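Hi,

Here is the structure I promised to pass on. Have a look at it first, and then read my notes below.

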Amino acid sequence: MNPTWLLVGAVYALAVWLARRAGMRELRWRIAALFYLLVLIFMFRPMTQQFVNVPVDFIQSLPPWTHVTRNHDVWNRELNDVVLQIVPWAHQAREAWRSGHLPLWNQLAGSGYPLLANGQSSAFSVVRLLALPLPLGYAMTAEAAMKLLMAMTFTFLYCRRRYEELPSAFAAVVFGFSTFLVVWLHFPLVTVAVFLPAVMLQIDLLIERRTFGRFCFAAFLWAAMLFGGHPETVSHIFFLALLYVGWRAGVSPASRRASSPGGTAARDVPRLAGGTPVLLLTLTGAMVVAALIASPFLATFGEAVTKSKRYQELKVSPNLIGYYSDFPSQVILLQPFFYGEVPFEKAWGPEGAESITGFVGVIGVASWLGVFLWALINRRWRSIELFFALATLLILGIILAWPVVAAAFHK
């Protein structure tokens, strides 16, 4: 029997119960049940049957396995890193924990290789630790399911502070099943990225009122992101959080009631309590505590990163700014299958995992335009909606390598 659905359901039910006990009554059980049901439907076979959603068929195309089997068909070559790196490192970290040892060193890679310092092993990740009771194949599914649930739940809680239940649930599903999260679901970058709405939520909570519980939530949140194993994504979230804090503190400090872009009544935006310096001091303190909690990873990572091959390569040849920013790649932002439907046919353009995960589609563009026009027509210059509309432009400029925006970000 595959108990993945049962473990994920039990862990999520406990998390919802604790959230409600902490005062987040907006997260009703029916909403939690909806999110769990959507994840269960989306991953029904790997969560309930003798099936894994890791592309292990890629191994059949590599020696020595290619010489002992006649079946060399590979369904999806784009995600080969999952079976060649992510899963083996996860296995090493899991086996260390299950045998009562710290996952410090991978003795099975050549003459030995750092394991904990290799962030992508995600040795201290929350989802990795929660999935330890399951076998490796089922554990990868459980981790993926918990990531989707976290993404939807935190998005709902953040949106629910301003909007009604239905639009908040809709936003949660849109983010949870976005192309970025789904394509990179087994990668540590998504283990970190699912916490983005939680970061916005904890900033709002600290703006509204600073308590010891909310401070602890912020500290453990950033520690969980650091333990997720992808410092680059943590830095990207920090960049967005800094912009959000600046907007809330400098542009949108007042409490008010206003209509939302959808026409429904929006909730009050909490007034900045205590002033900007106190807020910044609180957030800085939370991050310092988070760094102390995550020091087992940060210390080993800091020692190993300068000795890595990748670090030395970047010193000689830095990454080019504007990767996938040419016009053919821009087309995929609107239509991900414009250059072919991979893996069913060979693509005749930049149809790869990296390029299609920025897909937003015509509806997404229309929604952004609607929010932007709503803010301009109604003169909501300080609204959070206008912030996200402007932040979208900024992020698009970084992705498409607009001269001033991209250069400033990469510096």
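First, a definition you'll need: rings of Phe, Tyr and Trp (its six-membered ring) pair if their centres lie within 6.5 Å. If the planes are under 30 degrees apart the pair is stacked, over 60 it is edge-to-face, and the rest are tilted. Counted that way, there are 18 aromatic pairs. Do keep in mind that this is a predicted model.

Take Tyr-339 and Trp-348 as one of them: their centres are 4.9 Å apart with 75° between the planes, an edge-to-face pair. Is Tyr-339 buried or exposed? Tyr-339 has a relative accessibility of 6%, so it counts as buried. Trp-348, on the other hand, is exposed, at 60% relative accessible area.

Now compare Trp-368 and Phe-372. Their planes are at 20° and their ring centres 5.3 Å apart, so this pair is stacked. Both sit in helix H18 (residues 361–377), and because they are four residues apart there, about one helical turn separates them. Trp-368 is partly exposed at 25% relative accessibility, while Phe-372 is buried at 19%. The cut-off for buried is under 20%, so Phe-372 with its 19% makes it into that class.

Ring pairs can also join up. Which residues do they link into a cluster? Look for Tyr-158, Tyr-244, Trp-247, Phe-387 and Phe-388.

There is a ring with a charge over it, too: the charged end of Arg-45 sits over the ring of Phe-51, 4.1 Å from the ring's centre.

Next, the empty space. Rolling a probe the size of a water molecule over the atoms shows where such space is left. The structure has one cavity of 30 Å³ or more, and the volume of the largest cavity is about 40 Å³. The residues lining the largest cavity include Leu-116, Phe-124, Leu-226, Phe-227 and Phe-297. By class, that lining has six nonpolar residues, three polar ones and no charged ones.

Finally, the overall picture. The protein has 20 helices and two strands. Its radius of gyration is 22 Å, close to the 22 Å that the globule rule gives for 411 residues, so the protein is as compact as a globular protein of that length. The C-alpha trace spans about 70 × 50 × 45 Å along its principal axes, and 42% of the 411 residues count as buried.

Cheers

Note on methods: Residues are numbered from 1 along each chain as its sequence is written. This is a predicted model: local features need pLDDT of at least 70, side-chain atom pairs count only at pLDDT 80 or more; totals for chains, interfaces and linings use all residues. Side-chain values use heavy atoms; hydrogens and water are left out. Buried means under 20% relative accessible area, exposed over 50%, partly exposed in between (1.4 Å probe, protein chains only). A charge sits over a ring if NZ of Lys or CZ of Arg is within 6 Å of the ring centre and within 35 degrees of the ring normal. On a 1 Å grid over the protein atoms alone, a cavity is a set of points where a 1.4 Å probe fits but cannot get out, and a pocket is an open set with protein on both sides within 12 Å along at least five of seven lines; lining residues have an atom within 4 Å of a point. Grid points are joined across faces, edges and corners, and a volume is the space filled by probe spheres set on the points. Ala, Val, Leu, Ile, Met, Phe, Trp, Tyr, Cys and Pro count as nonpolar, Asp, Glu, Lys and Arg as charged, and the others, Gly among them, as polar. The radius of gyration is taken over C-alpha atoms; the globule rule is 2.2 Å times the number of residues to the power 0.38.
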